[in-house]
Amino acid sequence: MIKIGDLNLGDFPLLLAPMEDVSDPPFRAVCKTNGADLMYTEFISSEGLIRDAAKSVQKLDVYDYERPIGIQIFGNEISSMREAAAIAEEAGPDILDINYGCPVNKVACKGAGAGILLDIDKMVAMTAEIVKAVKIPVTVKTRLGWDENTIRINEVTERLQDVGIQAISIHARTRKQMYKGEADWSYLAEIMKNSRIKIPVFGNGDIDSPQKAKTYKEKYGVDGLMIGRAAIGYPWIFNEIKHYLQTGKLLAVPDMEERVKVAKKHLDFSVEWKGEKLGVLEMRRHYTNYFRGIPHFKPYRTSLVTTDEYAKVNDFLEEISTVFADEVF
């Protein structure tokens with residue numbers, strides 16, 4: 001049984017990755033309904049929390065039905081991260097997660113996110129201070145290293161465990177790779193063979209099907225999987241993986257009625273949480289995957305991603321459910 005602190009996550013938990021502008025409460029709601037065992041918020045700037053920036057503070061919103069839920073923070077100053085951790089804890093999450101994996105320039109090149117992989121001593125010192133600052137379990141999300149010449153992930157996992165983290169999620173790419181090339185999970189297999197490692201280790205990178213989930217589980221021996229991009233517009237992947245691991249059989253893919261129902265639920269919550277303008281706008285990234293592979297769908301996709309009014313988008317979704325009712329996926 002995999003545990004983080006007192007949280008029981010089951011035999012082989014599936015985690016929703018923290019993704020900027022994606023892993024918000026509306027998206028987390030549909031992922032939770034469809035089998036995610038543990039979810040994290042979008043990453044939140046430590047400086048934004050300290051300065052009470054509205055966008056950062058809003059990301060602290062967590063709901064009881066999401067539990068267990070973790071809040072993820074990032075930053076490059078130890079004192080700021082310690083203060084932000086205390087602020088985040090007050091929002092009532094079950095876990096506090098530290099982002100040591102974001103590869104984008106505006107984060108990594110300022111020494112935050114994956115940028116801290118160039119200074120492992122600072123990474124360890126920052127983590128130790130955050131663990132001391134809060135009472136809830138602290139976890140880490142990171143990458144293998146900055147580039148192929150700086151991969152020290154086995155050592156990093158040991159040292160972070162030694163200062164008190166209670167789980168680690170590892171994206172099996174370097175920062176230099178960004179999201180390109182194939183994730184190299186062989187490093188995770190080495191960690192799983194390391195007798196010093198007692199905390200749960202979750203693998204992330206390239207998991208986009210039940211079959212691949214089963215293969216990676218068996219080949220690399222990780223304690224669970226973190227799923228990111230494959231869940232965007234397709235929250236069913238969590239239950240599909242669980243079913244396949246338990247039975248060896250694939251669940252039927254969701255039909256059009258199910259796809260429209262979940263897309264509408266997602267849209268409704270998005271508008272409720274963000275307001276109509278932003279709620280409609282930020283749903284656009286999800287529609288391609290909600291309706292992937294449908295012949296002659298391009299005019300509807302264009303309408304969904306160019307319409308600004310909630311009522312009109314809702315009407316398009318209703319029309320899609322009728323016009324493509326007999327579509328076989």
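Which residue in E7 is the bridge partner of Tyr-100? What we have here is a predicted model.

Okay, the barrel. Eight strands close up in the order E3-E4-E5-E6-E7-E8-E9-E10, and the pairing is parallel. From one strand to the next, the twist averages 25 degrees. If strand pairing is new to you: strands of a sheet pair through backbone hydrogen bonds, either parallel or antiparallel.

Now zoom in on one pair. Strand E6, residues 95-100, runs parallel to strand E7, residues 138-143, and five bridges join them. And here's our answer: Tyr-100 has Thr-142 in E7 as its bridge partner. On that sheet you'll also find helix H7, residues 153-162, which touches E7 and strand E8. The direction of H7 makes about 160 degrees with that of E8.

Next up, helix H10, residues 237-247. Its buried residues are Ile-237, Phe-238, Glu-240, Ile-241 and Tyr-244. Look down the axis of H10 and those buried residues fall within an arc of 165 degrees, so they line one face of the helix. They pack against strands E3 and E10 and helices H1 and H9.

Last one: helix H12, residues 276-290. It spans 20 Å from first C-alpha to last, close to the expected 21 Å. Still, H12 has a kink of about 40 degrees, centred on Arg-284. Arg-284 is itself buried, and so are Met-283 and His-286, among others in H12. The cover over the buried residues of H12 includes helices H1, H11, H13 and H14.

Note on methods:
Residues are numbered from 1 along each chain as its sequence is written. This is a predicted model: local features need pLDDT of at least 70, side-chain atom pairs count only at pLDDT 80 or more; totals for chains, interfaces and linings use all residues. Side-chain values use heavy atoms; hydrogens and water are left out. Buried means under 20% relative accessible area, exposed over 50%, partly exposed in between (1.4 Å probe, protein chains only). Helices (H or I, at least four residues) and strands (E, at least two) are DSSP runs, numbered from the N terminus. The arc is that of the directions from the helix axis to the C-beta atoms. Contact means heavy atoms within 4.5 Å. Two strands pair if DSSP finds at least two bridges between them. Axes are lines fitted to C-alpha atoms, for helices over the stretch in contact, and angles run from 0 to 180 degrees between N-to-C directions. The expected span of a helix is 1.5 Å times one less than its number of residues. The bend at a residue is the angle between axes fitted to the seven residues ending there and the seven starting there.
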